[in-house]
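Here are my notes for your reading of the model. Please keep the structure open beside them.

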Amino acid sequence: MPDAVVIGAGPNGLVAANVLADAGWSVEVLEEQPEPGGAVRHDRGVDPAFVNDVFSSFYPLAAASPVLAALRLQDHGLRWSHAPSVLAHPLTDGSCAVLDRDLDITAASLEAFAPGDGAAWRRLHALWQRLHPDLLNSLFTPFPPVRSAARLALRLRAAGGLRVARSLVLPVRRLGEEEFRGSGGRLLLAGNALHADLAPESAGSGGFGWLMSMLGQTYGFPVPVGGSGALSQALTQRLRTRGGRVRCGQRVERIVVRGGRAVGVRTAAGDAVQARRAVLADVSVPALYSDLLDPEHVPTQLLDDLRRFHWDFATFKVDWALDGPVPWRAEQASRAGTVHLADGLDELTRFTAQIAMRQVPDRPFLLFGQMTTADATRSPVGTESAWAYTHVPREIAADAADAGITGRWETKDQELMADRVERQVERFAPGFRSLIRARRILAPPTLEALDANLSGGAINGGTTAIHQQFLFRPVPGTGRPETPIPGLYLASAGAHPGGGVHGAPGANAARAALHRHRLPGLVRAQQLVTHRDRTGTRR
């Protein structure tokens, strides 16, 4: 019987298992899919000569994460690679905003849009340099992050106090207008905010866009050499060297609760796996409380709160094998690993407004990845392994382009949407479609079939909007990995601090379990000390 059972071998589940194993616990990880990794996997399914990441690709949060740094995954084969530039946002007129790890290059790019905007970016970067150590510690530790938050509060006060706090909760459109005269800096912030489900007019989108931009400025948007799955392979290998076990093809059907405590799980094959100390669930919040637990074990208030659980946008992705580099009209985009495609801030607003109205956007905002540009091992010389994803409503009422996309995501829907994505790329890179050797379409139901945590194609475990963050994540009054069932811990992106590949939800859950089982020992030790004091025995 292992000390802990971890449900799900995504990055958070694997991080949780590693942290427990480092503390001397025996750990068994059960994964539904045929291989570990969750949404951090790659394959050669588009073309045998090309490596394509199936889900996520670029990892600024992983590069910044003290959780992953502590695991020293480089000792287990993980290597990182960077594109020459981090990110580009080209416009159809040929201008282009560039985010580069060289601050001078970023500033010069924005200065070309309006005099003074380079200096404005430097001021935002100076603020980041002052805040980021304690800011990242606050994000990556369990809520409430008392020590790091206290230090952050002191730094905020020194940096401008309430004025800085106001800026960080602004909608990203307003923050851009206050900080920049031209469109370049505004687009970098707003495009980065839409790595989550934050519209330009959403409260807090300014802070998130600034955070992602500054992560890119400092750490870049690195990729694992050889494919995203190299990160999962390193986590798995590290765990196995410490005695942990990963079993794939094992779908957990039920968490077993006995005597008011989680004591193990039952798989779909009918196998019972007991846990001596804890069960950690790297699963979505609705799946945990509505599917894996009998209703009698879940408080009525929690079930009621789950009716208000807010998913993030659905995702539609296309992978390509290209016979040559993308022919960008703006040459600067050819050096970037990540390219944002929307012709201005108003087009971003239009895109998110259409999603809010449950319409499939007619001009989808694309996050475009040039993987061979970022890592030369991904495809033959002179070619490009590429992808793009966009967002669509979870429930579709209409197609803004009147082309007949219904939201059932049958073959016709998928082909129509993939063609729309490619036409959007063509606006910025004429001739793109002539380079396509092969493509693969990943519609929202396909993503969910490949990883059950991506419910309806949602990739962040729930909205990043402020009403479901911090103590509101996953539901009001929580914000921590402990659940109402003793011995059961939430270890997925549904827990604070949320989506992204950084390992914090898994590490927080593991530490909560370790803390719970450390306390009885501390109590017994204190009782022994007290007894020795009373009997005059030397302490």
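1. Cys 248 counts as partly exposed, at 25% relative accessibility, whereas Cys 96 is buried, with a relative accessible area of 5%. Buried means under 20% relative accessible area, exposed over 50%, and partly exposed in between, with a 1.4 Å probe and protein chains only.

2. This is a predicted model, in which local features need pLDDT of at least 70 and side-chain atom pairs count only at pLDDT 80 or more, while totals for chains, interfaces and linings use all residues. Residues are numbered from 1 along each chain as its sequence is written, and side-chain values use heavy atoms, leaving out hydrogens and water.

3. A disulfide is a covalent bond between the sulfur atoms of two cysteines. With the cut-off set at a pair of cysteine sulfur atoms within 2.5 Å, a search of the whole structure gives zero disulfides.

4. Three strands form an open sheet in the order β10-β11-β12, with antiparallel pairing. Its edge strands, each pairing on one side only, are β10 (252-258) and β12 (272-274). Strands (E, at least two residues) are DSSP runs, numbered from the N terminus, and two of them pair if DSSP finds at least two bridges between them. Strand β11 (residues 261-267) is joined to β12 by three bridges. Gly 264 has Gln 274 in β12 as its bridge partner.

Technical notes
Helix = DSSP H or I, 4+ residues; strand = E, 2+ residues; numbered from the N terminus.
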